[in-house]
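Please have the sequence and the model at hand while reading.

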Amino acid sequence: MALLMIGTIFIVGLWGIMNKANMVKKVMALSIANSGIILLFIHYGSLSGETAPIEGTRDVMVDPLPQALMLTAIVVGICVVALALVLVYRLYLQFGTLDMRLIEKKAWKLND
Amino acid sequence: MTEDIVIWILVSPLFGAAAALFGKVFKSAERVFCILTLVSFAGPIAALLVLLEPLLDGNVFFYSLGGWPEPFGISLVMDPFAWVSSALISLITPLIALFALGNRKYGAHFFFFLMLLTAGMYGVALTGDLFTMFVGFEIIAIAAYVLIAYEGTPTGLVASFKYLMLSTTGILFFLLGIFLIYRDLGVLSIAKISALLESAGGVRNTHTMHLALASLCVGIGVRTAFIPFHTWLPEAHAYAPHPVSALLSGVLIKVSFFAMVRILMQFGGSYMSELLLWIGGFTAISAVISALAQSDAKRLLAYHSISQMGYILAVFGAGSSFALTASFFHALNHALFKSLLFLTVGTAVGLRGVRNLYKISALGRRIPLFGLAFFVGALSISGIPPFNGFASKAYISSGMGGSPAYVLLWITSFLTIASFVKLSRIYFPGPKEPFPAVQPDTALVRDYLPGKLEHLVVIVLALMCLGTGVFGVPVARFLHQLLYTEALEYSLPLFGRDKLLSVVPAVLLGAFAFRLVITRAGKGFSARLKALAPDLHTVLLFFFIGLIAFAAVAY
Amino acid sequence: MKKTTILDLVSRKLAPFMLLFGFYLLTYGHLSPGGGFQGGVVIASGVILLAISRGVDAAEAVFPVAVLTRVEAFAFFLLLAAGLAGVAAGIGFLGNPVVRSDVQAVPRAGMILLFNILIGIKVGAGVSLICMHLFREE
């Protein structure tokens, strides 16, 4: 059940990256797909124990490795999304539109 | 005790980045701090030289961060693959940083991201577990996105955004692969995974492991740019600033390729060799056909990067240990001549202010040393003796051992010659035009006219191209000795008569193909080919086709 | 940036608490969810809230750009130097030089605390700088 939900989130994210023309929506879809993968890791990590992995709970803790990994993955994802949004902002200032197809048409005409 | 030196390879570039940050703060001493970042390259170079001796004897070094034992901590591994990758990075990146130092445009920000990129590349080269590889890839990616968009030109921004979208989607699949491996095996360090897989007899023939390996390769494949994941590369490498293009084309795609080699070799993925062989062949030939049709000088070079990566991939797919040495040798040579080409062509494009190669000509009059260096680079990539392209292409032709995909590579080689004859008009005049007069000193010329540092870097690169070509056999023998700790028995008579004679038909066919391209029919075909460049939507479709192909090859 | 009354009122009351909460997340990262990056981002969002509601000049009066740049550079350098303390003690980069099993919990987690604080300061300064530069552009 949880796997189905996580799969839906991931596929919705990928579909959004492919099909949406608005650049902000593409970036949001990227963030959604990222969240899908992170949820997948944490869900499977949490299946094997009970409480948070802090000092003193060594016997009943959940698997700490996916949590540590996903902290890093969340940080990296946020940095990429922030950078993407700055790029979108600059592209909007340069081209005046948020539609990726129009921007690509204009951009490759500029340099030929 | 020598184990402790390994960490300095990773930490010195980070200190260089800190120095660049200080350069941003103390704006008056910015130049001094940029020079300090260059000094921080001495750390990795010294460490690699010290570690060479024990590695040749067959030792492998492990280093874990923070003293935490293997399954919990981040571990670094220094084995021969890691040494070759790190040596490639340490060879090219300082030269490119020197080149950027010579130009006033690249300030402390640029060097900060350059050092961050370098630290990420060392992280991927030295990694001992899969998650450090992920972190290294993402550091490389973020620094690369910023560097490509550094000048703020509209095309640079679009190229960076497209690269961002495609590359992040790829890395999501990489994470999916890590998840499948962790769920099945419970560990993430590469040594432990390969031990577990070997004790069960190769890649455990479960669907999970096949899918995991496919996901990992797809994730890295986006960075390495082979078909069908290559569509970000022409724009990203063409519209980036010139030293950045040289670095990306020269080093970055090789580092990702070496990571894929490590994963495939240690997880027993040799069932993929056939697929990689054919993908390499098709990449090489379709990229060079697209390259022949381009009129933008840097885009032509970027398509050639894809095509040469196809060579490297194809010969790796051939499978034997000789083939692996040949592919590493070609990776090294390609790094040398491609950075040389990007630096010289970039300067030409910058000096004239236009990218269309039909509008630039006869710059060899103005900057003769650069013209000579460009000539060396063009001869190297075409595979003409005595330069290094000839040496590594000879090794590749022996390494492929007569497999049918070699025909594709052979056709590629003379089409490469044709497109470089086409490109060389930017430094030498065409047959119909006289030498034009020398241009007056405009602002562009003041920005881009190369000074002493740039000349030094370009001459050093050209000499290294010549050196690795003339001494090709010893270099290949050294690589084989390092990677396999046994001597290369089969030695290639590089300058024997057969090898030299085999260059002649390639050159003649190349000249003939060039004649074909400049006719009217050729130009029409080129224009139609150029219009086919896909947008983001179709690009991602190719991506998924590639994923399915990789996953299905196991059955 | 159109200023509304609600945003102005709420931000004046809320921004100090956001900064405090950010510091709390920083320093309790080794015991509860939180840590360096998370605390740093919350601190930065306090600064950004101030910039959105009162304007960039008011935010810059409290957190000048020059000071933030210096803080960022020094925090990065100190982070790397603190990592080297482990190398000097022979344990490894980012290692804990005080490792004795008979001491109470705080010194053993002390290195994590130090790293959390340094990272949080750097991230807070860095993200605030990014947003202030972006606000300044228009």
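Q: How many helices does chain A have?
A: The model is predicted; local features need pLDDT of at least 70, side-chain atom pairs count only at pLDDT 80 or more, and totals for chains, interfaces and linings use all residues. Residues are numbered from 1 along each chain as its sequence is written, while chains are lettered from A and ligands numbered from 1 in the order in which they are written. Helices (H or I, at least four residues) and strands (E, at least two) are DSSP runs, numbered from the N terminus. From that end the elements of chain A run α-α-α-α, with 0 strands, and the number of helices is 4.

Q: What is the radius of gyration of chain A?
A: This quantity is taken over C-alpha atoms, and the globule rule is 2.2 Å times the number of residues to the power 0.38. For 112 residues the rule gives 13 Å; the value for chain A is well over that, so the chain is more spread out than a compact globule. The C-alpha atoms of chain A fill a box of roughly 65 × 30 × 20 Å along the principal axes. The radius of gyration is 19 Å.

Q: What percentage of the residues of chain A count as buried?
A: A residue is buried if 20 or more other C-beta atoms lie within 10 Å of its own, exposed if 12 or fewer, and partly exposed in between, with C-beta atoms placed from the backbone. In chain B, 58% of the 555 residues count as buried, and in chain C 37% of the 138 residues do. For the 112 residues of chain A, the value is 29%.

Q: Which helix gives the most to the side of chain A that touches chain B?
A: Two residues are in contact if their C-beta atoms, placed from the backbone, lie within 7 Å. By this criterion 31 residues of chain A are in contact with 29 residues of chain B. Helices H1 (2-19), H2 (23-45), H3 (64-95) and H4 (100-110) of chain A each supply at least two residues of the side that touches chain B. With 13 residues, the one that gives the most is H3(A).

Q: Which residue of E2(B) stands opposite Phe62(B)?
A: Two strands pair if DSSP finds at least two bridges between them. Strand E1 (residues 61-64) of chain B runs antiparallel to E2(B), and 4 bridges join them. Both faces of strand E2 (residues 75-78) of chain B are covered, with Ser75(B) and Val77(B) buried on one side and Leu76(B) and Met78(B) buried on the other. The residue opposite Phe62(B) is Val77(B).

Q: How far apart are the end C-alpha atoms of helix H17 of chain B?
A: The expected span of a helix is 1.5 Å times one less than its number of residues. Helix H17 (residues 406-423) of chain B has 18 residues and should therefore span 26 Å, which agrees with the model. H17(B) is mostly covered, as 13 of its 18 residues are buried. Its end C-alpha atoms are apart by 26 Å.

Q: Which element of chain A has the lowest mean pLDDT?
A: pLDDT is the predictor's confidence in each residue, from 0 to 100. Chain A has a mean of 86, and 94% of its residues reach 70 or more. Among its elements, H2(A) has the highest mean (92), and the lowest (77) belongs to H4(A).
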